[in-house]
Amino acid sequence: MPVVPQLSSDRTYGGVTVLFGAENGRYPSGNSLVIQGTEETLLVDPSLAVHERGGAPAAIDRVLVSHAHEDHLAALHLYADVPVFAHEADVDGVRSLDGLLDIYGLDPLAEADFRVELVETFNIGGHGDVRSFVDGTRFDLGGGRSVSVVHLPGHTGGHSGFLVEPDGFFFIADVDLTGFGPYYGDAASSLEGFLRSLDRCRDIDARWYGTFHHKGLVEGREPFLAQLAEFGDVLRRREDALLAFLHEPRRLEEIVAHRFVYRPHVDSVFVDTVERRTAAQHLALLVPAGRVAEVEPGRYRAVA
Ligand SMILES: [Zn+2]
């Protein structure tokens, strides 16, 4: 396995070294972690940045993956002989390219395009030794350092954070605190799950909070809670915009065309699928709550 020199952009927080990707891990890059104990060293979420530098700055005993998405697996091919661990709900997406494509659940045309991108841009080829963890699984690295799995579903079914102790470093992966807000547009995504996961993040006290994208690192609980609240507010803004749009009856396809997640200029094979799933999940909460009525089959209007 390749061991490469440290870069000046690497930063250490207790036993955790963050390998910051370009622009603090802006997609398609990301921020990977190396966590060192006296007996074992883990690599978390091998990113495109790790691929570009040709490996991590330490010998790696296990790779942990927060969830099965392309940008979190882009350097996994460098660790073919190292066991990989992911949540039981996402393991199939780490094992094979087909399993990964099932996680997104795209229509056939979009899937054919994305399959090429997964291989050519993200080096996805599956892995022969993927093992599963569940909420609460603890990895002891020696010297008193441990990594505990905190299941944070919603983004994907198996999306998980990792709490490193005794350092108090909580890696929250794609609860990424970006202005884009929560993403729950995949086949196994869940808005309700994401809402519960935001609550769970709020309850965990840490000194440092690491994200895979953009923010990268937030120090201190108060700044973290403020940024988490802003991130969660995007959900409320999407809901408010949807309710305003439903001042007259609309079909789901009209909601998809109006766009509540992506800006008009975004051109991607995902857009329609993600808009449809996102809108459907908001409706699935708003209708039983009595805030939206299905005025005739497939047409929705906000309840004044
Ligand atoms: Zn993701």
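The structure is a predicted model, in which local features need pLDDT of at least 70 and side-chain atom pairs count only at pLDDT 80 or more, whereas totals for chains, interfaces and linings use all residues. Residues are numbered from 1 along each chain as its sequence is written, and side-chain values use heavy atoms, with hydrogens and water left out.

Helix H6 comprises 13 residues, 191-203, and extends 19 Å from its first C-alpha to its last, close to the 18 Å expected at 1.5 Å a residue, the expected span being 1.5 Å times one less than the number of residues. Helices (H or I, at least four residues) and strands (E, at least two) are DSSP runs, numbered from the N terminus. Within H6, the buried residues are Leu 191, Gly 193, Phe 194, Ser 197, Leu 198 and Cys 201. These residues lie on the same side of H6 because they cover an arc of only 145° around the axis, the arc being that of the directions from the helix axis to the C-beta atoms. Their cover includes strand E11 (169-171), helix H7 (221-245) and helix H9 (271-286). At the start of H6, a side-chain oxygen of Ser 190 comes to within 3.4 Å of the backbone nitrogen of Glu 192.

The domain assignment, which is automatic or taken from a database, divides the chain into domain 1 (11-232) and domain 2 (246-302). Their centres, taken over C-alpha atoms, are separated by 29 Å, and the contact (heavy atoms within 4.5 Å) takes 18 residues from domain 1 and eleven residues from domain 2. Between them the two domains bury about 1200 Å², 64% of it on carbon and sulfur atoms, where buried area is the accessible area (1.4 Å probe) that two parts lose on being put together, summed over both. Of the area that domain 1 buries against domain 2, 36% is supplied by Phe 180, Tyr 184 and Leu 191, more than by any other three residues.

Two further buried positions were examined. Val 4, in the segment before strand E1 (11-13), has a relative accessible area of 15% and is therefore buried. Leaving aside neighbours within four places in sequence, Val 4 is in contact with Arg 53, Gly 54, Gly 55, Ala 56 and Pro 57. Ser 148, in strand E9 (residues 145-151), is likewise buried, at 13% relative accessible area.

Technical notes:
Buried means under 20% relative accessible area, exposed over 50%, partly exposed in between (1.4 Å probe, protein chains only). A polar contact is a pair of N or O atoms within 3.5 Å; within protein, one must be able to donate a hydrogen and the other to accept it, and residues adjacent in sequence count only if both atoms are side-chain atoms.
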